[in-house]
Amino acid sequence: MAVSFIKLPLPESVLQASQQRIEWVMENFSRICVSFSGGKDSTVLFHLVANIARRKKRNFSVLFIDWEAQYQYTIQHVQRMKEMYQDVTE
């Protein structure tokens with residue numbers, strides 16, 4: 001039996017919904033930690049959280065686990081992100 005789904009349009013874009021959720025987290029939690037792998041998805045999340053943190057004058061922690069088997073470019077990217085957002089990261 002085939003299951004069909006109906007796509008329901010939302011009143012906001014994925015970006016707007018993400019920003020609203022991040023703002024809600026910052027308003028409701030005293031400490032925030034972002035898990036950062038260095039990949040594209042977590043990089044986008046890191047940028048979003050950091051930009052909202054700057055606007056709200058908040059800091060957050062970042063968890064990056066170096067398995068000692070990471071690509072050198074990933075390690076360099078992580079270091080650049082750390083430098084770029086040192087004003088809002090703990």
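Me: What are the mean positions of the positive and negative charges of the protein apart by, and what counts as a charge?
Reply: In this predicted model, the mean positions of the 11 positive and 9 negative charges are 5 Å apart. Lys and Arg count as positive and Asp and Glu as negative, while His and the chain ends are not counted. Each charge is placed at NZ of Lys, CZ of Arg, CG of Asp or CD of Glu.

Me: What do the numbering and the values rest on?
Reply: Residues are numbered from 1 along each chain as its sequence is written, and side-chain values use heavy atoms, with hydrogens and water left out. Local features need pLDDT of at least 70 and side-chain atom pairs count only at pLDDT 80 or more, whereas totals for chains, interfaces and linings use all residues.

Me: Which elements make up the secondary structure of the protein?
Reply: There are three helices and two strands, in the order α-β-α-β-α from the N terminus. Helices (H or I, at least four residues) and strands (E, at least two) are DSSP runs, numbered from the N terminus.

Me: Why is the protein called more spread out than a compact globule?
Reply: Its radius of gyration is 16 Å, well over the 12 Å that the globule rule gives for 90 residues, so the protein is more spread out than a compact globule. The radius is taken over C-alpha atoms, and the rule is 2.2 Å times the number of residues to the power 0.38. The C-alpha atoms fill a box of roughly 45 × 35 × 20 Å along the principal axes.

Me: Why is I32 called buried?
Reply: Buried means under 20% relative accessible area (exposed is over 50%, partly exposed in between; 1.4 Å probe, protein chains only). I32 has 12%, so I32 is buried. This residue lies in the loop between α1 (14-28) and β1 (33-35).

Me: What does I32 contact beyond its neighbours within four places in sequence?
Reply: I32 is in contact with V25, M26, R58, F60 and S61, where contact means heavy atoms within 4.5 Å.

Me: What makes a set of residues a nonpolar core, and which members of the largest one touch the most others?
Reply: A nonpolar core is a set of buried Ala, Val, Leu, Ile, Met, Phe, Trp, Tyr and Cys residues joined through side-chain atoms within 4.5 Å. Of the 16 residues in the largest, M26, F46 and F60 touch the most other members. The elements giving two or more residues are α1, α2 (40-56) and α3 (72-84), and α2 gives the largest share, six residues.
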